[in-house]
Amino acid sequence: MVIPLSTPATEGALLVPYPATLDVPHDLVEHVAWLLHEHRLARNTRWRKLGCFQQALLTLVHLRKNETFSQLGAGFGISQATAWRYVDETLDVLAGWAPGLHEALTGLGEGDHVIVDGTLIPTDRVRADEPYYSMKYRKHGMNVQVIARSDGTPLWFSHATPGRTHDLTAARAHGIIQACLTRQILVLADRAYQGAGATFRTPYYHHREQPPQYQQFNRDHARLRAPGERAFAQLKTWRLLQRARCSTRRIGTVVQAVHTLLTCDYSG
């Protein structure tokens, strides 16, 4: 079977589908399909070209492999526009299940500690798009904040803000500082958050010139904060977030959708 690939760059070309596997659990695809089934029932949706399982698989392929909608459409036997609509719908459904900030912190309180950090989701942008250019990473992208447990398990991902947003500014804008202060949760963060005050603890500057106890504090702080990198590592196993080609307005939705995939309980 061959399917026309109607893009300006490949006018008249034919794409040949081939068998492939996706490195996600079958139960996860079924779980997303169940969410889509509930969504379709709530909306009283009519017949679709793809069933719930195939639509779920379509979206997971897009997130995991970062394939274009032309490639997805050809592989699933649908048009490019239909592939875009199905993926967009599924992302909205998944993002709706992502916990809010206060919900994510439920059960935590005085005596607990979390790790807060920021990362850049690279995007395809020209240098003229100044708000999206991060001087820290020297590339265009969107800033995303994470709150993780002490073992690196992600509790909450923020909505995306332009890449030039400073981590401290983003933490204030998202209400992270106040939310952790209200619950008296100790927060470990890097030097980018110096000045946050409240319950935030950051390393000392020029610690090698400080007394030994300052140097020991920085070593202990780095050791406790290191597992927080696991949260971003899990996030970016979904290749779409290694270099996003979608609109910057949709990156926040993609992050929330991936968070749902990372934390959902599909074992039952």
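**Entry 1**

I began with Ala 198, which sits in the loop between β8 and β9 (200-201). Helices and strands here are DSSP runs, numbered from the N terminus: H or I of at least four residues for helices, E of at least two for strands. Ala 198 has a positive phi of about 50 degrees, although it is not a glycine. The cut-offs are under 20% relative accessible area for buried, over 50% for exposed and partly exposed in between, with a 1.4 Å probe and protein chains only.

I note the source here: this is a predicted model, in which local features need pLDDT of at least 70 and side-chain atom pairs count only at pLDDT 80 or more, while totals for chains, interfaces and linings use all residues. Residues are numbered from 1 along each chain as its sequence is written, and side-chain values use heavy atoms, with hydrogens and water left out.

I then went to Arg 138, in the loop between β4 (133-134) and β5. Its phi is near 60 degrees, a positive value in a residue other than glycine. Arg 138 is exposed, at a relative accessible area of 55%.

**Entry 1. Whole chain**

I counted elements next: the chain has ten helices and nine strands. Of its 268 residues, 47% count as buried. I also looked at contacts, meaning heavy atoms within 4.5 Å. Among those between residues at least 6 apart in sequence, 61% join residues at least 24 apart.

I call two strands paired if DSSP finds at least two bridges between them. Strand β3 covers residues 113-122, and nine of its ten residues are buried, so β3 is largely enclosed by the rest of the structure. I found β3 paired with β5 in the antiparallel sense over eight bridges. In that pair, Thr 119 stands opposite Val 144 of β5. With strand β8 (residues 186-188), β3 pairs in the parallel sense over three bridges. There, Ile 115 stands opposite Leu 188 of β8.

From β5 (residues 139-148) I moved on to β6 (residues 154-157); these two pair in the antiparallel sense over three bridges. Val 146 has Phe 157 in β6 as its bridge partner. β5 and β6 form a hairpin with five residues between them, and Gly 152 in the turn has a positive phi of about 95 degrees.

**Entry 2. Leu 101**

Leu 101 belongs to helix α5 (residues 101-104). Its relative accessibility is 10%, so Leu 101 counts as buried. I listed its contacts, leaving aside neighbours within four places in sequence: Ile 147, Trp 156, His 174, Gly 175, Ile 176 and Ala 179. Leu 101 and Ile 147 are 46 residues apart in sequence, and 9.0 Å apart in space from C-alpha to C-alpha.

**Entry 3. Helix packing**

Two packed helices are described by the angle between their axes and the distance between the axes. The axes are lines fitted to C-alpha atoms, for helices over the stretch in contact, and angles run from 0 to 180 degrees between N-to-C directions.

I took α1 (residues 26-43) and α2 (residues 52-65) to begin with: their axes come within 8 Å and cross at roughly 120 degrees. That makes α1 oblique to α2; angles under 35 degrees count as roughly parallel, over 145 as roughly antiparallel, 65 to 115 as roughly perpendicular and the rest as oblique. The contact includes Val 29, Leu 36 and Arg 40 of α1 and Phe 53, Ala 56 and Leu 60 of α2. By class, its residues divide into nine nonpolar, three polar and two charged. I used these classes: Ala, Val, Leu, Ile, Met, Phe, Trp, Tyr, Cys and Pro are nonpolar, Asp, Glu, Lys and Arg charged, and the others, Gly among them, polar.

I then checked α1 against helix α4 (residues 80-95), where the angle is about 100 degrees and the axes are 10 Å apart. That makes α1 roughly perpendicular to α4. Val 32, Leu 35, Leu 36, His 39 and Arg 43 in α1 meet Glu 89, Thr 90, Val 93 and Leu 94 in α4. This contact has five nonpolar, two polar and two charged residues.
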